[in-house]
Amino acid sequence: MSILEDIIKAKGDRKKLLAVLIDPDKISVHAVPDFMDKVNASIATHVFVGGSTVANGLTEKIVLAIKTFTDLPVILFPGDAIQITDEAHGILFLSLISGRNPEYLIGQHVKSIAKLKNTSLEIIPTGYILIDGGNETAVQRVSKTTPIPRNDNEMAVETALAGQFSGKQLIYLEAGSGAKHPVPSRMIAEVVDELSVPVIVGGGIRDVNALEKAYAAGATLVVIGTILEDDEAFFEKLKKNRMPRMHE
Ligand SMILES: CC(C)=CCC/C(C)=C/CC/C(C)=C/CC/C(C)=C/COP(=O)(O)OP(=O)(O)O
Ligand SMILES: O=P(O)(O)OC[C@@H](O)CO
Ligand SMILES: [Mg+2]
């Protein structure tokens, strides 16, 4: 089954997926084995690799190291075309549809084709929607776009539907890495209600309560990054046997 088919099936089966986001800028190759031991013991189902800006060649080194220590699918979550490497299994081919910056709607995509035209990566068209998380995050800074206000559920739903109607296979509701507040539950629920494609939620999720709230609101896949960089002890709370309901 492809990565996308697997996520679609999880939505149908109401199974909850968890991606651990690894930012190549924030981990050294030497730290990967220990970190991946913890990922493997956790309920994580996917590894995302990416950052808003990453030095050329670094992503490939980290992806190769990650693959040595896990069987989980490794998916690129790139801030730009430089981060693309065939060593991963798939790529979220993100368009920042909450913004109006052509570079992040189509520019980086055209720049990536030299690398992608003969790729073995599974390319997953993804509508990426930035929601105000209460602080300026890297995505906002790098993309120079304005997030959707956290109380504007109608704009979030309409943007998500516009993405789905344009052929996006996944919609990613993003409060931004290190967001003060995650995407509000009510907004997630309204978007999930209207869409037929699976919804990914990330940004500012740093406790089990926030994780469970995102799932309860209907997220199929939740992404956690910063808290695991700051506090690896959080992996204890994500252990398979501690969260049996989520790991079937
Ligand atoms: C399709 C291709 C080749 C690229 C996509 C280009 C687009 C549309 C990107 C969206 C905008 C963007 C800059 C996304 C970055 C996503 C990401 C990996 C965020 C994580 O940010 P961090 O670098 O971890 O931020 P901090 O360092 O502040 O934690
Ligand atoms: O780093 P955090 O805040 O967990 O966010 C994860 C991801 O959604 C960021 O792009
Ligand atoms: Mg980060």
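A nonpolar core is a set of buried Ala, Val, Leu, Ile, Met, Phe, Trp, Tyr and Cys residues joined through C-beta atoms within 7 Å. Buried means 20 or more other C-beta atoms within 10 Å of a residue's own, exposed means 12 or fewer, and partly exposed lies in between, with C-beta atoms placed from the backbone. This is a predicted model: local features need pLDDT of at least 70, side-chain atom pairs count only at pLDDT 80 or more, and totals for chains, interfaces and linings use all residues. Residues are numbered from 1 along each chain as its sequence is written, and ligands are numbered from 1 in the order in which they are written.

**View 1. The largest nonpolar core.** This core holds 69 residues. Val 49, Ile 129 and Ile 188 have the most contacts inside it.

View 2. The shell has 26 residues (C-beta atom, placed from the backbone, within 6 Å of the ligand). Gly 50, Gly 51, Gly 79, Ala 138 and Ser 177 come nearest. Strand 4 (90-96), helix 4 (102-111) and helix 6 (138-143) each supply at least two shell residues.

**View 3. Surroundings of ligand 2.** Here 14 residues surround the ligand. Ser 177, Gly 202, Val 223, Gly 225 and Thr 226 are the closest. Strand 8 (221-224) and helix 10 (226-230) each supply at least two.

**View 4. The loop at Ala 55.** Ala 55 sits between strand 2 (46-49) and helix 3 (58-69). Ala 55 is exposed, because 12 other C-beta atoms lie within 10 Å.

Note on methods: Helix = DSSP H or I, 4+ residues; strand = E, 2+ residues; numbered from the N terminus.
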